[in-house]
Amino acid sequence: MEIKMLLIISVSAIFVSNFVLHRFLGLCPYIGVSKNLDSALGMGMAVIFVMSIASAVTWIIYYYFLVTSPMNFIARWFHIDPPDLTFLRTIAFILVIATLVQFVEMVIQKLSPGLYRSLGIYLPLITTNCAVLGVSILNIDKNYNFIQSLVNGFMSGIGFTLALILMAGLREKLDLANVPKAMRGTPIAFIMAGCMALAFLGFSGLKIG
Amino acid sequence: MQLMKEFIKGIISENPVFRLMLGLCPVLATSTSVNNAIGMGLAVIFVLFCSNVIVSLIRNWVPAKIRIPIYISIIATFVTIVDLTMAGYFPELHKSLGLFIPLIVVNCIILGRAEAFAGKHSVFSSIIDALGMGTGFTIALTAIATFREILGNGTWLGIPVLRTHFEPVLLMILSPGAFFTIGLLIGFLNWLEHYRKIHHS
């Protein structure tokens, strides 16, 4: 049952409600970094990495610190009644994500300079990428458990990367095309994104099980 | 005169959506109807206004190294206020904007204006800047929503405008319609500017 649920989450995150093309999250990097294939791949990897970790960490923060429950750590440490801090969700999540990105950047820099060189410049950009905060809030809104949140974060990252790489491949070819002057650059990229969204709309009838 | 210029620039020459291409996610996601667009626009104006005022007030005391986390906390506070107020008084609007209310926090326009403008200018000009940028954002959002709602649903602000002989194009309400509309609109504005330049010279 659990495996089937995870499969549904995965297919839904990658194809049916693709982060970029269906939910409109993370559009700035999608339009900004999709000019060549190498940087698209680097950005995609960085996003997958951060989204997976952020999903896990924000889930723990929400269910162990903000929600009123017997598991609440604040209540346990200070021997008080569990407080209801869910209204702090937005503030807590964005600060956790910003710190996390900085932390991940430092760890990668120490442990693997090679990986840092390829991901480094994209990591700071990710803090203000709405996809990361978006996936954290979606996990909470949909009442996913820990494993489901982790899978959703990872697969949403894959979906984002898929869209980004497809777009980068198309835009490399588009440089050679004869586009009307007013439509060059961003406008034609949007039209192409629309065509891709149209193609991805075909997945929305998909049913599993 | 200077102030008027400051205000107008946010609407025309530095329009956050059409010119600077900032904050595109909420623009595409919440422009399914004019009603949603105006709600979102007002929420952004409120947050932008308040964060610009506070950032500008404390600009001389904020250490340069930790200014970004401070700005984000200020913005997140006002977003939470909007989120809770909207959930209390306009539950329907809150439901249809959904995820994109908390996501105002990571909207590049707001942090961008705090960093590029309010952190360096006086309170009064920051207020003007916030109002100009917010209005520019709202106008862009409403323009896109107008096309999408009329073509996709045959209504404008819920009022039927294309009643007879018109089959609504559902595609315009769905995600591809958003991309097509903004792509064509930016293309049109580029063309207009190009035309104006030729005309002037």
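**The last helix of chain B**

Let's start with the chain as a whole: a compact globule of 201 residues would have a radius of gyration near 17 Å, and chain B, at 18 Å, agrees with that. That radius is taken over C-alpha atoms, and the globule rule is 2.2 Å times the number of residues to the power 0.38. This is a predicted model, where local features need pLDDT of at least 70, side-chain atom pairs count only at pLDDT 80 or more, and totals for chains, interfaces and linings use all residues. Residues are numbered from 1 along each chain as its sequence is written, while chains are lettered from A and ligands numbered from 1 in the order in which they are written.

Chain B has eight helices and two strands (DSSP runs numbered from the N terminus: helices are H or I with at least four residues, strands are E with at least two). Along the sequence the pattern reads α-α-α-α-α-α-α-β-β-α. The C-alpha trace of chain B spans about 65 × 55 × 25 Å along its principal axes.

Now for H8(B) itself. Its 26 residues reach 38 Å from first C-alpha to last, close to the 38 Å expected at 1.5 Å a residue (the expected span is 1.5 Å times one less than the number of residues).

Which residues of H8(B) are buried? They are B:Ser175, B:Pro176, B:Gly177, B:Ala178, B:Phe179, B:Phe180, B:Thr181, B:Ile182, B:Gly183, B:Ile186 and B:Gly187. Buried here asks for 20 or more other C-beta atoms within 10 Å of a residue's own, exposed for 12 or fewer, and partly exposed falls in between, with C-beta atoms placed from the backbone. In chain B, 44% of the 201 residues count as buried. The cover over the buried residues of H8(B) includes helix H10 (186–201) of chain A, along with H2 and helix H7 (123–153) of chain B.

So what does H8(B) do at the contact between the chains? The contact takes 33 residues from chain B and 32 residues from chain A, where two residues are in contact if their C-beta atoms, placed from the backbone, lie within 7 Å. On chain B's side, helices H2 (24–29), H4 (67–89), H6 (108–118) and H8 (175–200) each supply at least two residues. H8(B) gives the largest share, 11 residues. That side of chain B divides into 24 nonpolar, eight polar and one charged (Ala, Val, Leu, Ile, Met, Phe, Trp, Tyr, Cys and Pro count as nonpolar, Asp, Glu, Lys and Arg as charged, and the others, Gly among them, as polar).

B:Leu28 is among the residues with the most contacts inside the largest nonpolar core, which has 94 residues. Such a core is a set of buried Ala, Val, Leu, Ile, Met, Phe, Trp, Tyr and Cys residues joined through C-beta atoms within 7 Å.

Across in chain A, A:Phe24 sits in the loop between helix H1 (2–16) and helix H2 (27–32). A:Phe24 counts as buried because 28 C-beta neighbours lie inside 10 Å. Its phi is near 60°, a positive value in a residue other than glycine.
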